[in-house]
Amino acid sequence: MKSRLLAGAAAVALALLFTLGGVGRAAAAPPDSALLPLDQYTSEKGRELGRKYAEELRALASGIYHCIPWLEVQEHSLGFYRPKHLGGGDSRYLSMRAFIEQDASPDFARLTVANQAAAMYARYVAALLKRMARSQALTADPGVEGFTIILEWLKQSARAASDRPIHETVAVFIDKASALDFLAGRITPRALADRAQIRLWDGETSLENLRLTRLAEDDFVSTYKMKDYQLDPRVTCP
C-alpha cells in the first residue's frame, strides 16, 4: 500500500482530539509499528493498559493488515488514548486511526462531505468495532471506557499536480456501554451513531453539528476481494 502525508492543518485538528501523540505523519504501518509505544503514554494507567493488552493489540493490527489490506492503520495510532472532549480525568479509549485506499469514483465525489462520511461510517465502523472488541478481557476491563475509530480518505476533487493531498476525516468516539449494546444487537446502527461523538473534517476545515445519514448496513469489508492480493496461507480471516 502507498503511504501518504496528512495535510498539515488537518493533523493539528486531529491532535486536538487526544492528550498524546500519534496523529502527525500518516504512514503505512506493519502490525507491530501500528502500536503506540509504551514510552509515549502520558499516564501509568495508559501504559498499564498498553502493556497488559499488547498481544491483543498486535493481533488486532495483524488481522487488519492481512484481512483488510486496503485499510492502513497508521504508525503509532493503535493504543489507549484519552479523548480530550471527555474533560478531566484519565478515561482511556481503545483507539485507531486508518487511511482508506480507494480508487477515484465520480459518484462518491458528488456526495456531500457528510454523506461521504456516512458511507465510510457504514462501511467500516461496525466491522472495526467488532475486531476491537473481540477480547472479552479487554472489553470487561473497567479501565477501558470506550473505542475511537478515525477514518481518513483522499479528498476527491480537481487539483493541480503541485497541490498537496487533502484528506477528509471522520472521528467516531463510542462509549463502552453503547458499543456493547450495539455488538449484542440491543441497538441499531442509527442508534449507535446517535450516541457516539462524531467529528468531521473537510480537508482542513472542521465541520460542526453534522448528523450522519445513509447508515444502512454495509458488508463491503467481508465481501470485497482485492485483485491479485494473496492472503498469507497461515492467516485465517473471519
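**Entry 1: helices α6 and α8**

I looked up how α6 and α8 are set against each other, and they are roughly perpendicular. That label covers angles of 65 to 115 degrees; under 35 counts as roughly parallel, over 145 as roughly antiparallel, and the rest as oblique. I am working from a predicted model, where local features need pLDDT of at least 70 and side-chain atom pairs count only at pLDDT 80 or more, while totals for chains, interfaces and linings use all residues. Residues are numbered from 1 along each chain as its sequence is written, and side-chain values use heavy atoms, with hydrogens and water left out.

Two packed helices are described by the angle between their axes and the distance between the axes. For α6 (residues 113-132) and α8 (residues 176-183), I noted an angle of about 100° and axes 11 Å apart. The axes are lines fitted to C-alpha atoms, for helices over the stretch in contact, and angles run from 0 to 180 degrees between N-to-C directions. Helices (H or I, at least four residues) and strands (E, at least two) are DSSP runs, numbered from the N terminus.

Which residues meet in this pair? From α6 I found A126, L129 and K130; from α8, A179, F182 and L183. Their contact residues divide into 5 nonpolar, no polar and 1 charged. Contact means heavy atoms within 4.5 Å. Ala, Val, Leu, Ile, Met, Phe, Trp, Tyr, Cys and Pro count as nonpolar, Asp, Glu, Lys and Arg as charged, and the others, Gly among them, as polar.

**Entry 2: helix α3**

Next I checked α3 (residues 44-52). G46, L49 and G50 are buried there. Seen down the axis of α3, the buried residues fall within an arc of 100°, so they line one face of the helix. The arc is that of the directions from the helix axis to the C-beta atoms. Buried means under 20% relative accessible area, exposed over 50%, and partly exposed in between (1.4 Å probe, protein chains only). What covers these residues? The cover includes α4, β2 (79-81), β3 (92-100) and β4 (144-154).

**Entry 3: C67**

I found C67 in helix α4 (residues 54-67). Is C67 buried or exposed? Its relative accessible area is 13%, so C67 is buried. Leaving out residues up to four places away in sequence, C67 touches R131, V235, T236 and C237. I also compared C67 with S222: they are 155 residues apart along the chain, and their C-alpha atoms are separated by 9.0 Å.

**Entry 4: H85**

H85 sits in the loop between β2 and β3. At a relative accessible area of 32%, H85 is partly exposed. I listed its contacts beyond four places in sequence: F173, Q197 and R199. H85 and F173 are 88 residues apart in sequence, yet 9.6 Å apart in space, C-alpha to C-alpha.

**Entry 5: two positive phi values**

H76 has a phi near 60°, a positive value in a residue other than glycine. I placed H76 in the loop between β1 (71-73) and β2. H76 counts as partly exposed, at 23% relative accessibility.

D228 is not a glycine, but its phi is positive too, about 70°. D228 lies in the segment after α10 (220-223). With a relative accessible area of 69%, D228 is exposed.

**Entry 6: the whole chain**

Last, I looked at totals. The protein chain has 10 helices and 7 strands. Of its 238 residues, 49% are buried. Among contacts between residues at least 6 apart in sequence, 71% join residues at least 24 apart.
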